[in-house]
Amino acid sequence: MSVVAINMMNAFTIEKLRDNAISNEQILEGLEKQQMENWKENDPTLNLDDLVALYQDDKNTLESALTQGYSVKFLTFNGLKSLLKFRFHKIDGEDYQLCDSGIMDLNLSKEEQPILEQMLSINWYIQAHTNDSSINVLLK
């Protein structure tokens, strides 16, 4: 089954909301009832414009992204670092190392690896290490 593709800003917003303990159901309900003011209490920089537009344009795509997962249409290098921070709480220099072509020595659980792989746009690939459980996420 293929997953829906969403833009990078929607991915960031979804993961920030989830990180603030807002469930998928609460996201959909808040968008439906246009009751999102309290979401900004934990993160005043939160910009909901793209997410509101996605909900208004195609509620099914957003619902699928929330419940079935998503890929990012085009993921930049800085976007990858942000997703690792928002979704997996991984920080550059602590949980992985940067290199010219991507991310090196990233440790994710066996449950997290397929989620990251699904989220990546087509310009990225995962390279598993043979001697340990870490991975590299590299530009194609």
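Salt bridges and burial in a predicted model

The side chains of D43 and K16 form a salt bridge, with N and O 3.9 Å apart. This is a predicted model, in which local features need pLDDT of at least 70 and side-chain atom pairs count only at pLDDT 80 or more, while totals for chains, interfaces and linings use all residues. Residues are numbered from 1 along each chain as its sequence is written, and side-chain values use heavy atoms, with hydrogens and water left out.

Q: Why is the contact of D43 and K16 called a salt bridge?
A: A salt bridge is a side-chain nitrogen of Lys or Arg within 4 Å of a carboxyl oxygen of Asp or Glu. The N to O distance for D43 and K16 is 3.9 Å, so the pair meets that definition.

Q: What makes this pair a tie between separate parts of the chain?
A: D43 lies in the loop between α2 (24-33) and α3 (49-57), and K16 lies in helix α1, so the pair ties together parts that are 27 residues apart in sequence. Helices here are DSSP runs (H or I, at least four residues), numbered from the N terminus.

Q: Is D43 called buried or exposed, and why?
A: Buried means under 20% relative accessible area, exposed over 50%, and partly exposed in between (1.4 Å probe, protein chains only). D43 has 14% relative accessibility, so D43 counts as buried. K16, at 21%, counts as partly exposed.

Q: Which residues are linked in a network of salt bridges?
A: The network links E15, R18 and R87. R18 pairs with E15, their closest N and O atoms being 3.1 Å apart, and E15 pairs with R87, also with closest N and O atoms 3.1 Å apart. E15 lies in helix α1 and R87 in helix α5 (residues 77-88), so this pair ties together parts that are 72 residues apart in sequence.

Q: How do you know what separates R18 and E15 along the helix?
A: They are three residues apart in helix α1 (residues 8-19), so about one helical turn separates them.

Q: Why are the buried residues of α2 placed on the same side?
A: The buried residues are N24, I27, L28, G30 and L31. They cover an arc of only 165 degrees around the axis, taken from the directions from the helix axis to the C-beta atoms, so they lie on the same side of α2. On the other side, E25 and E32 are exposed.

Key: Helix = DSSP H or I, 4+ residues; strand = E, 2+ residues; numbered from the N terminus.
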